[in-house]
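Good morning, and thank you for making the time. Please have the sequence and the model open while I speak.

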Amino acid sequence: MLLPAKTEVARQLRRYRAWERVMLASPADRAVRATFEDSGYTLCVLMGKRCAREAADAAERYLHTPLAAYLQEQDGRPRPATPVRRAARPAVRPSPAAR
C-alpha cells in the first residue's frame with residue numbers, strides 16, 4: 001500500500017481546514033465554496049476516501065498514529081496464520097432409478 005508523505009498530508013489538511021473556516025464564514029460566496037470543495041477533493045484523493053470528512057478524519061489519524069498502527073487500522077482484517085483450504089465437495093450423481 002502506497003502512502004502519501006506526512007508533510008504533504010499535513011499541508012493539505014491545513015489547507016482544507018483553512019478553507020472550511022472561510023466557507024463557514026461566507027457560505028454564499030461561490031468562489032470560496034468551489035475552492036473549499038477542491039481542497040476536500042484533493043484530500044480525498046490523497047487519503048483514498050470518498051467523502052471529504054472521512055478524508056480529513058483519516059488524515060488526522062494518519063498524522064497522529066504510528067505507521068504500523070495506521071496500516072493495521074486501515075486493513076481491518078485479522079490475518080490467518082495459515083492459508084485456509086476448503087475441502088472439495090464430492091460430485092453428487094442422481095441414481096439411475098431417479099431418472
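Predicted model: local features only at pLDDT ≥ 70, side-chain atom pairs only at ≥ 80, totals over all residues.

**A charged pair and its surroundings**

I begin with a salt bridge between glutamate 20 and arginine 53, whose closest N and O atoms are 2.8 Å apart. The term salt bridge stands here for a side-chain nitrogen of Lys or Arg within 4 Å of a carboxyl oxygen of Asp or Glu. This pair links distant parts of the chain, with glutamate 20 in helix 1 and arginine 53 in helix 3, 33 residues apart.

Residues are numbered from 1 along each chain as its sequence is written, and side-chain values use heavy atoms, with hydrogens and water left out.

Is glutamate 20 buried or exposed? Glutamate 20 counts as buried, because its relative accessibility is 10%. The classes are buried for under 20% relative accessible area, exposed for over 50%, and partly exposed in between, with a 1.4 Å probe and protein chains only. Salt bridges that share partners join Arg17, Glu20, Arg53 and Glu60 into one network.

Because arginine 17 lies in helix 1 and glutamate 60 in helix 3, the pair ties together parts that are 43 residues apart in sequence. Both ends are partly exposed: arginine 17 has 22% relative accessibility, and glutamate 60 has 28%.

How many salt bridges does the structure hold? The total is four. Another of them joins the side chains of glutamate 8 and arginine 11, at 2.9 Å from N to O. These two residues are three apart in helix 1, so about one helical turn separates them. Glutamate 8 is partly exposed, with a relative accessible area of 27%, as is arginine 11, with 44%.

**The fold as a whole**

Let me now step back to the chain. The protein chain has four helices and zero strands, and its elements run α-α-α-α from the N terminus on. Helices (H or I, at least four residues) and strands (E, at least two) are DSSP runs, numbered from the N terminus. Of the 99 residues, 21% count as buried. Among contacts with a separation of 6 or more, 52% come from residues 24 or more positions apart; a contact means heavy atoms within 4.5 Å. The accessible surface comes to about 8,100 Å², and 56% of it belongs to carbon and sulfur atoms. That area comes from the Shrake-Rupley method with a 1.4 Å probe; for residues, only the protein chains shown count as cover.

**The nonpolar core**

The largest nonpolar core has 15 residues, and those with the most contacts inside it are Leu43, Met47 and Ala59. Helix 1, helix 2 (30–47) and helix 3 (52–64) each supply at least two residues of this core. Such a core is a set of buried Ala, Val, Leu, Ile, Met, Phe, Trp, Tyr and Cys residues joined through side-chain atoms within 4.5 Å. Leaving aside neighbours within four places in sequence, leucine 43 is in contact with Gln12, Leu13, Tyr16, Ala55, Ala56 and Ala59.

**Aromatic rings**

How many aromatic pairs are there? The count is one. The rings of tyrosine 16 and phenylalanine 36 have centres 5.2 Å apart and planes at 25°, so the pair is stacked. This pair also links distant parts of the chain, tyrosine 16 in helix 1 and phenylalanine 36 in helix 2, 20 residues apart. The rule pairs rings of Phe, Tyr and Trp (its six-membered ring) if their centres lie within 6.5 Å; planes under 30 degrees apart count as stacked, over 60 as edge-to-face and the rest as tilted. Both partners are buried: tyrosine 16 has 2% relative accessibility, and phenylalanine 36 has a relative accessible area of 13%.

Phenylalanine 36 also brings us back to the opening residue: not counting residues up to four places away in sequence, glutamate 20 touches Phe36 and Arg53.
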